[in-house]
Amino acid sequence: MLFLTHHLNSRAPTNFSKIGRSFPIFRRNSRGGSIGELSFSTTTSSKAEPIQYTSLHPNFRIVSPNHVTPPPPPTSINSSTTQSLPQVSIKPIIQSRAYSPQHFYQNRILDQYASQPINPITLRQLIVFGRNLTEERIIKSGNYVRSELPIRIAHRIRDFQNLPFIVGTNPHLSMVYDLYWSAFEKLRKFPPVRTMEGNNEWCETIKGLLKDHLVVIPKLAMGIMECSEHLPGEQIDRFMNTMLRSRISRRVLAEQQVALTENWHDPGYSYNQSENDGWIGVISTQCNAKEIVEKCAKMTRTFFKEYYDVEPPQVLTDGQVDTTFAYIPDHIEYIIYELLKNSIKGVIEKHAPSIISTSQSPSKQMLKSSQLFPPITVTICSGPTDIYFRVSDQGGGIPDKLYPYIWSFASKSNDKKTLHKFTNFSKVPHMAARVEEYEQQIVPPDLSLGIGLPMSKVYAEYWGGSLSIFSLDGYGVDAYVRITKLGNKIENLV
């Protein structure tokens with residue numbers, strides 16, 4: 001049984017990581033007890049070995065079993081030492097899901113995976129491997145994904161365990177933590193893929209996990225919003241960047257395996273790239289820069305036309321508009337869409353007074369209004385190793401007081417009366433961070449989520465690219481997107 005002993009002379013609490021979560025505890029002074037301190041001691045049957053404590057950090061301790069049954073949640077207090085002292089409420093601790101006999105054992109298993117290095121890949125490797133598929137290649141790819149996914153998700157579970165206790169018990173973050181534990185168990189227990197039938201079962205498993213984890217981005221955003229006062233902004237950004245990059249990496253591996261398997265089973269699929277539009281799984285080897293810009297421009301202009309009841313500014317393309325490259329379209333489309341959406345909104349809001357004050361009827365006004373807005377220009381440049389997109393607008397720029405926080409996932413204001421940038425995520429139950437979600441209105445396009453620019457930067461940097469924004473407050477913005485042309489950069493997971 002687990003006994004709670006109350007000591008004298010209270011001190012400041014430190015964090016105690018117990019069975020996969022940070023646990024608040026008052027450490028006992030080695031020179032003598034002090035008022036209000038709490039410490040835990042364990043006893044087991046005479047046949048069982050004692051529980052050992054290993055230190056990972058000066059303020060963290062992990063409980064690991066040595067062939068013992070995990071102790072039940074604490075249910076009794078040593079009354080002989082507490083009768084004369086104020087009652088200490090431990091109900092929230094007892095009820096916390098952080099205390100789980102299942103996680104007691106799994107933490108030792110988790111160590112085996114979290115201690116292994118991740119084997120990053122490049123876009124070129126995915127392309128080369130996906131050409132001229134055979135059963136042997138698909139099975140080999142399936143086993144790589146099967147071995148890699150549990151390692152990658154184990155590292156993220158460990159990140160959750162390193163959060164302070166009060167953050168880790170947030171219901172939104174706790175849900176993501178439990179989802180990751182469940183996925184970790186399914187992934188590590190799946191047997192090696194030896195046949196196409198086994199690969200088909202494996203693909204169904206990861207398809208189910210992909211669907212289940214569509215709640216992750218909204219839950220992470222809501223959890224971080226509610227815990228923002230307990231974590232410094234730098235730690236929030238570091239945590240969210242790592243979580244989202246890792247999430248992208250797992251989805252790329254899983255979706256590529258599913259797509260290759262579907263291609264193999266499709267009798268009409270051709271491995272001749274000229275006949276299949278250059279698709280290899282989820283990768284297009286013939287992404288057309290101008291077509292991507294035009295697609296995103298059409299989506300954003302259609303939305304603003306309906307929302308503002310005016311003809312939005314034109315989106316012009318210049319430079320090397322016939323540039324083609326190999327990339328995952330979902331990634332670059334999300335970036336360009338978010339940049340154009342911000343630019344069009346800024347231009348309309350800056351120049352809208354000239355339209356609002358007109359006495360013309362809306363129908364005539366809409367015909368002429370596009371001429372009243374300065375156009376947004378997207379310049380495309382193809383260099384020896386990189387491709388650039390420059391999005392230039394005259395939308396008034398970003399205010400100087402907000403500019404330092406455009407890449408941050410933390411709140412941009414310490415004023416408690418100001419709503420957090422992630423407040424609207426309460427209206428978004430699922431999110432995959434794809435432009436199709438806005439096109440199909442799965443995510444309302446008029447809903448400001450506050451994650452567009454930070455998420456775009458994560459996408460851009462994932463394959464070794466970059467995203468930079470230069471603002472002239474009062475005039476406009478120039479945004480530069482750089483993506484690798486050769487596909488030889490490994491995943492950026494840090």
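This is a predicted model: local features need pLDDT of at least 70, side-chain atom pairs count only at pLDDT 80 or more; totals for chains, interfaces and linings use all residues.

User: Start with α3. Which of its residues are buried?
Analyst: Helix α3 spans residues 123-130. Leu123, Leu126, Ile127 and Gly130 are buried there.

User: How are those buried residues arranged around the axis of α3?
Analyst: They line one face of the helix, because they fall within an arc of 95° seen down the axis.

User: What covers them?
Analyst: The cover includes helix α9 (233-265) and the strands β8 (279-280), β9 (283-288) and β11 (324-327).

User: And what happens just after α3?
Analyst: Asn132 takes a positive phi there, about 50°.

User: Switching to the sheet. What is the strand order?
Analyst: The order is β8-β9-β11. It is an open sheet of 3 strands, and the pairing is antiparallel.

User: Which strands stand at the edges?
Analyst: β8 and β11. Each has a single partner strand, so one side of each lacks a neighbour in the sheet.

User: How many bridges join β8 to β9?
Analyst: There are 2 bridges, and the two strands run antiparallel.

User: What stands opposite Ile280?
Analyst: Ile283, in β9.

User: Back to α3. Which strands does it touch, and at what angle to β9?
Analyst: α3 packs on the sheet and touches β8, β9 and β11. The direction of α3 makes about 110° with that of β9.

User: Which strands does α11 touch?
Analyst: Helix α11, residues 329-351, packs on the sheet, touching β8, β9 and β11. Its direction makes about 110° with that of β11.

Note on methods:
Residues are numbered from 1 along each chain as its sequence is written. Side-chain values use heavy atoms; hydrogens and water are left out. Buried means under 20% relative accessible area, exposed over 50%, partly exposed in between (1.4 Å probe, protein chains only). Helices (H or I, at least four residues) and strands (E, at least two) are DSSP runs, numbered from the N terminus. The arc is that of the directions from the helix axis to the C-beta atoms. Contact means heavy atoms within 4.5 Å. Two strands pair if DSSP finds at least two bridges between them. Axes are lines fitted to C-alpha atoms, for helices over the stretch in contact, and angles run from 0 to 180 degrees between N-to-C directions.
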